[in-house]
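Let's take a walk through this structure together, from the overall fold down to single contacts. Please keep the sequence and the 3D view open beside the text.

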Amino acid sequence: MFDLPDINLPIAVFLIVYGAYMVFYVLYSLFNIYHLIRYGVYGLGLYLIVSIFVGGTIILVAGSVFPLLEYEWTLPLSLDRVGDFYNEDLFPAL
Amino acid sequence: MMRLDHLPNQRPDEHMILFLRRHWFALLSIVTAFILLIGIPLALVMYFKEIVVDWLINPVIGPLFLILASMYVLSIWLFAFLEFTDYYLDTWIITNERIISIEQEGLFNRTASELDLAAVQDTTAEIRGILQTVFTYGQVYVQTAGEKGRFHFKNIDNPERVKELVTRLVEEDKRRLSALGAGGRGKIKSVIK
């Protein structure tokens with residue numbers, strides 16, 4: 001067998017992926033909202049739709065971010081110990 | 001933003017008769033897909049609650065799981081909104097002089113077209129299948145002379161009524177134009193004299 005190189009990364013690297021996704025999400029949402037406002041029919045309904053979407057997004061992001069703040073993000077993620085996380089404890093009921 | 005009291009290229013005596021969107025059943029399918037895509041994973045989380053709690057307290061698996069779950073839920077929310085936008089921006093406007101069709105295809109393609117009622121040759125209403133029959137929605141095709149394609153009102157409410165309305169408006173517009181034409185010729189003649 002071979003040994004994996006001993007590289008230690010903080011688990012904060014997950015946040016980079018999450019941040020990249022959020023940038024994509026925000027850009028796509030803004031583009032969609034622009035479309036709605038630019039081409040939608042003028043009226044209260046249009047503002048209601050945009051408000052519901054923005055409100056829903058804020059709730060969903062807040063519901064994820066607050067639990068995420070509880071974790072210790074400086075914890076190192078060692079590449080040669082990555083297999084330790086995949087053990088019988090991960091799926092105890094299966 | 002489009003205002004219904006000020007249509008694009010509105011003519012002097014033109015006014016809106018009917019504003020159409022797809023039937024609410026199209027909206028229901030978006031809502032159903034959203035509920036299923038959120039509800040099924042949520043039900044799985046509830047069923048395997050103990051395992052999920054073990055994952056969440058794990059210092060590495062926990063944040064990874066939460067981030068992936070958050071990305072999944074946000075994607076579904078965004079997808080539902082995109083589908084709703086597609087539904088919301090697909091509109092057909094019937095005025096006393098024109099039919100205006102505005103269709104959004106995805107986020108990057110948009111087609112806006114219009115035709116004069118006087119150019120309409122044939123109107124067809126189509127209701128197919130159990131769902132369309134029960135909920136009274138379907139297609140209306142408006143065929144014009146010399147047009148390659150035809151106007152297609154997709155999955156609109158009560159297509160028979162819309163077809164009758166278009167047919168009546170076409171007749172009225174043709175009568176109006178022929179009266180205008182006769183009047184116009186009369187005026188020209190009087191000018192020549």
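How many helices and strands does the secondary structure of chain B come to? Chain B has five helices and seven strands, where helices (H or I, at least four residues) and strands (E, at least two) are DSSP runs, numbered from the N terminus.

## Ground rules

This is a predicted model, in which local features need pLDDT of at least 70 and side-chain atom pairs count only at pLDDT 80 or more, while totals for chains, interfaces and linings use all residues. Residues are numbered from 1 along each chain as its sequence is written, and chains are lettered from A and ligands numbered from 1 in the order in which they are written.

## Two chains, two patterns

Along the sequence, the elements of chain B run β-α-α-α-β-β-β-β-α-β-β-α. Chain A has two helices and two strands, in the pattern β-α-α-β.

Along the principal axes, the C-alpha atoms of chain B fill a box of roughly 95 × 35 × 30 Å.

A residue is called buried if 20 or more other C-beta atoms lie within 10 Å of its own, exposed if 12 or fewer, and partly exposed in between, with C-beta atoms placed from the backbone. By that count, 22% of the 193 residues of chain B are buried, and in chain A buried residues make up 6% of 94.

Two residues are in contact if their C-beta atoms, placed from the backbone, lie within 7 Å. Among contacts with a separation of 6 or more, residues 24 or more positions apart account for 52% in chain B and for 80% in chain A.

## The four-stranded sheet

Chain B holds an open sheet of four strands in the order β1-β2-β3-β4, with antiparallel pairing; strands pair if DSSP finds at least two bridges between them. Because β1 (16-20) and β4 (109-116) of chain B stand at the edges with a single partner strand each, one side of each is left without a neighbour in the sheet.

Further in, β3(B) and β4(B) pair in the antiparallel sense over eight bridges. For B:I102, the bridge partner in β4(B) is B:A112.

## Nonpolar cores

A nonpolar core is a set of buried Ala, Val, Leu, Ile, Met, Phe, Trp, Tyr and Cys residues joined through C-beta atoms within 7 Å. The largest one has 18 residues, and B:W92, B:I94, B:I99, B:V142, B:F153, B:I156 and B:V166 touch the most other members. Two or more residues each come from β2 (91-95), β3 (98-105), β6 (137-144), β7 (151-157) and α5 (159-192) of chain B, and α5(B) gives the most, with four.

Beyond its neighbours within four places in sequence, B:I156 is in contact with B:L20, B:R22, B:H23, B:Y137, B:V140 and B:V162. Another core, of eight residues, lies apart from the largest one and includes A:F53, B:W77, B:F84 and B:Y88.

## Where the chains meet

At the interface, 29 residues of chain B are in contact with 35 residues of chain A. On the chain B side, α2 (49-57) and α3 (61-89) each supply at least two residues, and the largest share, 17 residues, comes from α3(B).

That side of chain B has 22 nonpolar, three polar and four charged residues. Here Ala, Val, Leu, Ile, Met, Phe, Trp, Tyr, Cys and Pro count as nonpolar, Asp, Glu, Lys and Arg as charged, and the others, Gly among them, as polar.
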